[in-house]
Amino acid sequence: MEPMRLFDRWRRRAAPLLTVTADAGSGRVIVLLHGIASSSVTFDNLVPLLTDNNRVISLDLIGFGQTPAPADARFTIEEHVDSLARTLDSLELRQPFVLVGHSMGSLIATRYAATNSRRLEKLVLVSPPVYVTPSAVGDPTDRATLGLYLRVYEFLRGNKSFTMAAAAGLARLAPIRGVLDVSENNWGAFVLSLENLIESQTTISDLAAVTVPIDVVYGTLDPFIAPAGLRIVEQLRGVTMHKVDAADHLVRPRLARAVAAAIG
């Protein structure tokens, strides 16, 4: 075996296991990955639509929800994927499964799918924040929009008190309890995942390497969606887009129904 592959296997074995917060139903397996500053409660409106005919497994990513943050974690996509891979291996899933990722979880799911397509039946991305380098975009409006996202994220990372207060205010208004959490408990995971995963992503090239069907579900009112990124995604092989009118970033009932339909 090549030295790099040996190293990858060793690194995966050393990765922390993710907390399985729910494992309900029977039949085809569906695995759910939440986004940044959240937990598996993200899918509270989706799970009841799936469990009648499927086995639905919800996970908390490292540093979020019930999964603790490793002391030395940098929260790169490789670290997130290694923990996901080790956890899925531990579950001993026998048949190809559907992998569903929301927001940051969609980026992690895509990287996993790019290197483990043989294990999947389908990849479903919900509200994916697909960003590309602004300088690589020709349209001035799209270029400015992408640059704005990156500046906002840099501001949030550098202003802890503001970010926590703003998140707490939004959390009080959120329709799903606990769906947004930026606190002392997960600040390191939030900041480093934002910087080392979302802001420095390789999602387009990862998607190009996926060999199973890909469904992308997003709302027309989602403030985190970059149109330039989605236009590139929809041109890739095997991708089906599902635009949901009047839906935002959260998996509210309207978006949940569209995701369930995309899962099939």
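## The tyrosine cluster

Tyr131, Tyr149 and Tyr153 are joined into a cluster by ring pairs. Rings of Phe, Tyr and Trp (its six-membered ring) are counted as a pair if their centres lie within 6.5 Å, and the planes are called stacked under 30 degrees, edge-to-face over 60 and tilted for the rest. The structure holds 6 aromatic pairs. One of them is formed by Tyr131 and Tyr149, a stacked pair with 4.9 Å centre to centre and 25° between the planes. This pair links distant parts of the chain, since Tyr131 is in the loop between S5 and H4 while Tyr149 is in helix H4, 18 residues apart. Helices (H or I, at least four residues) and strands (E, at least two) are DSSP runs, numbered from the N terminus.

Are these two tyrosines buried or exposed? Tyr131 and Tyr149 are buried. Buried stands for under 20% relative accessible area, exposed for over 50%, and partly exposed for values in between (1.4 Å probe, protein chains only).

## About the model

This is a predicted model, in which local features need pLDDT of at least 70 and side-chain atom pairs count only at pLDDT 80 or more, while totals for chains, interfaces and linings use all residues. Residues are numbered from 1 along each chain as its sequence is written, and side-chain values use heavy atoms, with hydrogens and water left out.

## H4 and its two helix partners

Let us stay with H4 and look at its packing. The axes of helix H4 (residues 140–158) and helix H5 (residues 160–173) come within 5 Å, crossing at roughly 100°. Axes here are lines fitted to C-alpha atoms, for helices over the stretch in contact, with angles from 0 to 180 degrees between N-to-C directions. H4 and H5 are therefore roughly perpendicular to each other; the classes are roughly parallel under 35 degrees, roughly antiparallel over 145, roughly perpendicular from 65 to 115 and oblique for the rest. In this contact (heavy atoms within 4.5 Å), Phe155, Leu156 and Gly158 of H4 meet Lys160, Phe162 and Thr163 of H5. The residues divide into 3 nonpolar, 2 polar and 1 charged, where Ala, Val, Leu, Ile, Met, Phe, Trp, Tyr, Cys and Pro count as nonpolar, Asp, Glu, Lys and Arg as charged, and the others, Gly among them, as polar.

H4 also packs with helix H6 (residues 187–198), at an angle of about 155° and with the axes 10 Å apart. That makes H4 roughly antiparallel to H6. H4 passes H6 in a left-handed crossing; left-handed means that the near helix is turned anticlockwise from the far one by less than a right angle, and right-handed that it is turned clockwise. On the H4 side, Tyr153, Leu156 and Arg157 meet Trp187, Val191, Leu194, Glu195 and Ile198 of H6. This contact has 6 nonpolar, no polar and 2 charged residues.

## H3 against H6

H6 has a contact with H3 too. The axes of H3 and H6 come within 11 Å and cross at roughly 45°, so H3 and H6 are oblique to each other. Their crossing is left-handed. Which residues of H3 and H6 meet? Met104, Leu107 and Ile108 in H3 meet Ser193, Leu197 and Ile198 in H6, a contact of 5 nonpolar, 1 polar and no charged residues.

## Two loop residues with positive phi

Most residues other than glycine have a negative phi. Ser127 has a phi near 50°, a positive value in a residue other than glycine. Ser127 sits in the loop between strand S5 (120–126) and H4, and counts as buried because its relative accessibility is 0%. Ala246 also has a positive phi, near 65°, and is found in the loop between strand S7 (239–244) and helix H9 (253–263).

## Buried and exposed loop residues

Arg119 is in the loop between helix H3 (104–116) and S5. With a relative accessible area of 14%, Arg119 is buried. Leaving aside neighbours within four places in sequence, Arg119 is in contact with Leu88, Asp89, Leu93, Gln95, Pro96, Phe97 and Tyr112.

Val212 belongs to the loop between helix H7 (203–208) and strand S6 (214–219) and is buried, at a relative accessible area of 12%. Beyond its neighbours within four places in sequence, Val212 is in contact with Ser117, Leu120, Glu121, Lys122 and Leu123. Asp72, in the loop between strand S3 (54–60) and helix H2 (77–91), is exposed, with a relative accessible area of 64%.
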